[in-house]
Protein chains: 2
Amino acid sequence: MAAERSGGGDPARTLALLWRTPQEPKPVGRKPKVSVDQIVTAAIAVADREGLGAMSMARVAQELAVGTMSLYTHVPGKGELIDLMADTVLQERDLTAEGTWRERVKHYADRTRAVYQAHPWMRDVSMVRPPLGPGLMDGQEFVLAALADSGLEPRQVTVAHVAVEGFVHGAAASEVDDQQLAAVTGESGDSWWGARQVFWDDYFDVERYPAMTALWNAGAYDTEGTLADNMRSSFDYGLDKLLDGIEGGMR
Amino acid sequence: MAAERSGGGDPARTLALLWRTPQEPKPVGRKPKVSVDQIVTAAIAVADREGLGAMSMARVAQELAVGTMSLYTHVPGKGELIDLMADTVLQERDLTAEGTWRERVKHYADRTRAVYQAHPWMRDVSMVRPPLGPGLMDGQEFVLAALADSGLEPRQVTVAHVAVEGFVHGAAASEVDDQQLAAVTGESGDSWWGARQVFWDDYFDVERYPAMTALWNAGAYDTEGTLADNMRSSFDYGLDKLLDGIEGGMR
DNA sequence: TATTGTTTCCGTATGGCCTACGGAAATGAG
DNA sequence: CTCATTTCCGTAGGCCATACGGAAACAATA
């Protein structure tokens, strides 16, 4: 499937939900069987376990022992529900670090990475037209405050911000991609690559790929850790180098 | 939708398709109305125009004036078709640059970025369990060759490779995310943000977000170009800084 | 208690998706 | 003309989001 579209519906309604604009409880009328919070929690639970593809309105309703259409009383549609899910898990980051600007950016990256680890379906949520809720905004503020303390010019802060944000979300996304596929398909990454041993036997052409062959022979791929360990290292390495570059560019 | 899963089917069959293992034309039997190439081309055309979400088997068959089920004679399923589409467009990169290792990595990034621009649905294709076809492999070889020429240790080359690859695909993906959403939903990014003016009016809290407010007041967001221009700048900036960091880490 | 206004619940229906199955149609060889 | 082989594709089953409209629950009022 394609990336999940954030809600394109009425912005005012969506914003009210994201910020949980308190509305005085209705004095009359039938009592609700479910709340927005319950729906969002159930939806996150389903997506955590079975992926965003399995998170259908019918599935969530079933989880809550409620008719499918009842959900539409509380949430405008599936797109908006995904917005609410994303902003909710971003709030789990709990960003309260002290330290140098670099330490704080690193902290932000680690916490964001943890969110993706806990909720791999975040990979499928586009952050280009993001849910403008507290989870997202608090994160933006945190990174921007850190970068502003670095001594960069204001304009440069915003450029660096986009680069950092892109790297963090991008790297976290590819890092959890594998787990997500493992969970959804029931096949582990190791198993998948193992089944493709045929490729190296039947298709890999040593003459066509000399650099890869040389690296292989040099033992560059004889790693100790698991695939997940390697991705983790590259995440840290890449962020470090990116921050090195940003820092170096200031002088 | 969730990220499109690469084909989990029989690896041997998929690899044969990716590398177009030549098979002698059948001497007997009904003549095929369509070829694998035609199917892949039609599928890419549909996805280019209407997004991967619109690329259904029925839609592609319609494009070719053929029954839906006929496609399954030539392609195992939708997942494998997406693999073929992805590897095909990656071949468009045509990587033949000379120059320093940095120039070559930059060239690779630019060409890959161009593929995403031309085929925004690539954003939705997971590259964690990639199609092991010529398009992907030639790209890997190219970057690895460049990085190997940088003077990094073999082990470091592979770590840097994952970081670069992650950055390029991640940044290119978010860069086209906006266009894709514009194409699929029919609403431009500017229009979308405009409709969310309410947020700044009704929800943005100056006291809660001092860093953002300060940057705003300093004119950091008074940019000239379009949203697309800004993302392009950040892509270049981020890659530059990442390569600076990698280069600096060698000494 | 009976009525009325309000709110929530949810069954049905529409139109989409992928693909397993199996028979019909086309083709070349004998 | 027969027949093996290959491709074409209609049908059907089981998913999905959500528009619509009526039924059910509840508080206030008469």
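Mentor: Helix 3 (residues 57–63) of chain B supplies the largest share of the surface near DNA strand C, namely 3 residues; helices here are DSSP runs of H or I, at least four residues long and numbered from the N terminus. This is a predicted model, in which local features need pLDDT of at least 70 and side-chain atom pairs count only at pLDDT 80 or more, whereas totals for chains, interfaces and linings use all residues. Residues are numbered from 1 along each chain as its sequence is written, while chains are lettered from A and ligands numbered from 1 in the order in which they are written.

In total, 25 residues surround DNA strand C, and the closest are A:G29, A:K33, A:G67, A:M69 and B:S56; a residue is near the strand if its C-beta atom, placed from the backbone, lies within 6 Å of it. By class, this surface comprises 10 nonpolar, 8 polar and 7 charged residues (Ala, Val, Leu, Ile, Met, Phe, Trp, Tyr, Cys and Pro are nonpolar, Asp, Glu, Lys and Arg charged, and the others, Gly among them, polar).

Turning to packing in chain B, the axes of helix 2 (residues 36–50) of chain B and helix 5 (residues 78–90) of chain B come within 10 Å and cross at roughly 80 degrees. Helix 2 of chain B is therefore roughly perpendicular to helix 5 of chain B (the term covers 65 to 115 degrees), with axes fitted to C-alpha atoms over the stretch in contact and angles running from 0 to 180 degrees between N-to-C directions. Helix 2 of chain B contributes B:I39, B:V40, B:A43, B:I44 and B:A47 to the contact, and helix 5 of chain B contributes B:L81, B:L84, B:M85, B:T88 and B:V89 (contact requires C-beta atoms, placed from the backbone, within 7 Å). These residues divide into 9 nonpolar, 1 polar and no charged.

Technical notes: Helices (H or I, at least four residues) and strands (E, at least two) are DSSP runs, numbered from the N terminus. Angles under 35 degrees count as roughly parallel, over 145 as roughly antiparallel, 65 to 115 as roughly perpendicular and the rest as oblique. Two residues are in contact if their C-beta atoms, placed from the backbone, lie within 7 Å.
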